[in-house]
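Have the sequence and the model open side by side. This report walks through the fold one element at a time.

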Amino acid sequence: MAKTALVPIADGIEEIEAACIIDTLRRAGVEVTVASVGALQVTASRGMKIVADASIADCTGRVYDCIALPGGMPGAEHLRDCGPLIAMLKEQKDAGRLYATICASPAVVLHHHGLLEGVQATCYPAMQNQLDPKYVSRARVVVDGPCVTSQGPATAGEFALKLVELLVGPAKAKDVAHAMLAI
């Protein structure tokens with residue numbers, strides 16, 4: 001059975017991060033559902049239009065092996081303010097299943113809702129002061145248990161490949177990276 005991932009999107013998300021996560025996971029054979037917290041078509045931070053597969057409401061009650069949030073502003077704020085998504089993230093954490101965020105989302109979404117308590121994490125460098133200083137990492141991608149965080153658009157490829165590694169194994173991550181000329 002293929003692994004599954006949910007990638008929530010909203011107006012103002014960072015398109016590089018969203019596209020990189022979705023595309024890389026799909027290249028690895030992960031069944032990705034792109035779910036909007038608003039209208040099915042969103043306008044990303046640089047004007048790119050992205051059409052979701054479903055609304056977040058259609059995804060509640062389902063179990064995903066990974067929930068991975070892109071960053072970008074004000075997209076991360078829209079994700080933060082989506083009650084059904086936050087409930088899913090809390091359930092994901094409580095169940096020990098993978099939850100991952102990049103760029104602004106670790107600070108704006110996870111930290112805001114207490115989902116980084118006691119967790120080593122990173123985020124967009126200008127926002128790292130919003131995280132608990134005891135647990136801030138300057139690494140480009142950080143894995144602490146089921147939580148994966150990363151810094152931003154330039155680290156999106158590493159972040160997505162780390163998710164592939166954690167979901168389907170290092171050999172598949174290496175194959176996908178090789179095919180994408182990442183190694």
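Just after H6, Gly 169 takes a positive phi of about 110 degrees. This is a predicted model.

H6 covers residues 156–168. Its 13 residues should span 18 Å at 1.5 Å a residue. The C-alpha atoms at its ends are 18 Å apart, which agrees.

The buried residues in H6 are Ala 156, Phe 159, Ala 160, Leu 161, Leu 163, Val 164 and Leu 167. An α-helix has 3.6 residues a turn, so residues three or four places apart point the same way. Several elements cover the buried residues of H6, including helix H1 (15–27), strand E8 (141–144) and helix H7 (170–179). E6, E7 and E9 are also among them.

The largest nonpolar core has 65 residues. Within this core, Leu 25, Leu 89 and Leu 163 touch the most other members. H6 supplies the largest share of the core, 7 residues.

Which residues does Leu 25 contact, leaving aside neighbours within four places in sequence? From H6 come Ala 160, Leu 163, Val 164 and Leu 167. Leu 25 is also in contact with Ala 5, Val 30 and Val 32.

## The sheet

An open sheet is formed by 7 strands, with mixed pairing. Their order is E5-E2-E1-E6-E7-E9-E8. Strand E5 (54–55) and E8 stand at the edges, each with a single partner strand, so one side of each has no neighbour in the sheet.

Strand E7 (residues 98–102) is mostly covered, with 5 of its 5 residues buried. Leu 98, Ala 100 and Ile 102 are buried on one side of E7. Tyr 99 and Thr 101 are buried on the other.

E7 has parallel pairings with E6 (residues 66–69) and with E9 (residues 147–150). In each case the join is made by 4 bridges, for E6 and for E9. The table lists residues that stand opposite each other in these pairings.

| Residue | Opposite residue |
|---|---|
| Cys 66 | Leu 98 in E7 |
| Ala 68 | Ala 100 in E7 |
| Ile 102 | Ser 150 in E9 |

Leu 69 lies in strand E6. Is Leu 69 buried or exposed? Leu 69 is buried, because its relative accessible area is 0%. Not counting residues up to four places away in sequence, Leu 69 touches Ala 100, Thr 101 and Ile 102, among others. Its other contacts include Pro 8, Ile 21, Leu 79, Leu 85 and Leu 89, along with Ser 105 and Val 109. The C-alpha atoms of Leu 69 and Ala 104 are separated by 9.8 Å, although these residues are 35 residues apart along the chain.

## Backbone exceptions

Most residues other than glycine have a negative phi, and most peptide bonds are trans. Two sites depart from that pattern.

Cys 103 has a positive phi of about 65 degrees although it is not a glycine. Cys 103 is found in the loop between E7 and H5.

A cis peptide bond joins Met 73 and Pro 74, with omega at about 10 degrees. Pro 74 lies in the loop between E6 and helix H3 (75–80).

## Cysteines

How many disulfides does a search of the whole structure find? The search finds 0. Cys 103 is in no disulfide, and the nearest cysteine sulfur, that of Cys 123, is 8.4 Å away. A disulfide is a covalent bond between the sulfur atoms of two cysteines.

Cys 103 is buried, with a relative accessible area of 8%. Cys 123 also counts as buried, at 0% relative accessibility.

## Thr 122

Thr 122 sits in the loop between helix H5 (105–111) and E8. Thr 122 counts as buried, because its relative accessibility is 0%.

The Thr 122 side chain has polar partners in the backbone. One of its polar atoms lies 2.9 Å from the backbone oxygen of Ser 137. The backbone oxygen of Ala 139 lies 3.3 Å from a polar atom of this side chain.

Not counting residues up to four places away in sequence, Thr 122 also touches Pro 106, Gln 128, Leu 131, Arg 140 and Val 142, among others. Its contacts include Thr 149, Ser 150 and Gln 151 as well.

How values were computed: Residues numbered from 1 in each chain as written. Predicted model: local features only at pLDDT ≥ 70, side-chain atom pairs only at ≥ 80, totals over all residues. Heavy atoms only, no water. Core = buried A, V, L, I, M, F, W, Y, C linked by side-chain atoms within 4.5 Å. Buried < 20%, exposed > 50% of the residue type's maximum accessible area, 1.4 Å probe, protein only. Helix = DSSP H or I, 4+ residues; strand = E, 2+ residues; numbered from the N terminus. Contact = heavy atoms within 4.5 Å. Disulfide = S-S within 2.5 Å. Pairing = 2+ DSSP bridges. Expected span 1.5 Å × (residues − 1). Polar contact = N/O pair within 3.5 Å; in protein donor to acceptor, adjacent residues only side chain to side chain.
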